[in-house]
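Hi everyone, thanks for making time. I'd like to walk through the pockets and then the core of this one, so let's get it on the screen.

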Amino acid sequence: MLMEGIITPVVTPFHADGSIDRHSFGEMLEHLISAGVHAVIVGGSTGEFYAQTLAERVEMMEFGVDAVRRRIPVMAGVSASRTEDSIMLATAARDLGLDGLLVGSPPYAAPTEKENALHALRIDRAAGLPIMLYNYPHRTGSDMGPEYLSRVSRSPRFRAIKESSGDIDRLHLLAREFPHLTIACGADDQALEFFVWGARSWVCAGSNFLAAEHIALYEACAVKGDFELGRRIMKAMLPLMTTLERGGKFVQGVKFGARLAGLPAGVPRQPLRSLTKEEKRELERVIRTLRTAVRSLLEAGSAHA
């Protein structure tokens, strides 16, 4: 698995009573495949893995790989507080035929870099699948620093890293010291900078409902090297990223954006709550403006081609 392109951490639709809406999950996957994303992640942060039982997470892996039917790669998020739980999820993903794993630091435990690396290496040895690391210290409390990266790099199955720290110096470190790891943008408001520094993929929750716009930025920068067009697209997209992050209601915003697009994203599972009416109005305005701006940019580019 190359781990390149637009990789969507797909939302998990829930019914109003909190149960998983499997039919709508299948519809979301069909939409993403039709929209042209390059891969999907089941059980990522945007998929609210933390609000699901281990059995539900395995079931969603199985449902996801069955629904996609090998048309695009399917990865499994296997983050968990206990190493044993991550190993169970990873081996289940292997046995179900998924294509790769997203491995984050175990939350709350705050392991040392050595302990964290040994955690990841145990998952690797157990499953034997290609791995994308997920560095998100604001959520996990642990940073995947140079010692960690040096240790896990001893295994060739660690292929990429989704960098979500927001620290631009981390991007420089990865590009300079760990070029064998494919860089995946995990800080949406820095996507342009990631592509300038050679990122080959973008793991972006917003592509659940704005796949064409995210693909347009990826193709402009990573495929065509047209960073002038990329800068203009990025300028149009920044208000969305600011709005989604405001108030810590990221997942709620992504699900509402998907519903605006006519997609059955469902509601968030507790403890999360849906957006307020004012938040919905603001997000709707931002999305409408973004769509219009990016469409105009792409049409202008086509006219001059």
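First, what I call a pocket: on a 1 Å grid over the protein atoms alone, it's an open set of points where a 1.4 Å probe fits, with protein on both sides within 12 Å along at least five of seven lines, and lining residues have an atom within 4 Å of a point. This is a predicted model, where local features need pLDDT of at least 70 and side-chain atom pairs count only at pLDDT 80 or more, while totals for chains, interfaces and linings use all residues. Residues are numbered from 1 along each chain as its sequence is written, and side-chain values use heavy atoms, with hydrogens and water left out.

So, the second largest pocket. Its lining is Ser45, Phe49, Tyr50, Ser79, Gly104, Ser105, Pro107, Tyr134, Tyr136, Arg139 and Thr140.

Now the largest pocket. Which residues lie nearest its centre? They're Tyr136, Arg139, Gly186, Glu245 and Phe250, out of 29 lining residues. You'll notice Tyr136 and Arg139 also line the second largest pocket.

On to the inside. A nonpolar core here is a set of buried Ala, Val, Leu, Ile, Met, Phe, Trp, Tyr and Cys residues joined through side-chain atoms within 4.5 Å, buried being under 20% relative accessible area with a 1.4 Å probe, protein chains only. The largest one has 88 residues, and Leu101, Leu133, Phe195, Trp202, Leu217 and Leu240 have the most contacts inside it. Apart from it there's another core of eleven residues, including Tyr134 and Val203.

Take Trp202: counting heavy atoms within 4.5 Å as contact, and skipping residues up to four places away in sequence, Trp202 touches Phe195, Leu217 and Met241, among others.

Notes
Buried < 20%, exposed > 50% of the residue type's maximum accessible area, 1.4 Å probe, protein only.
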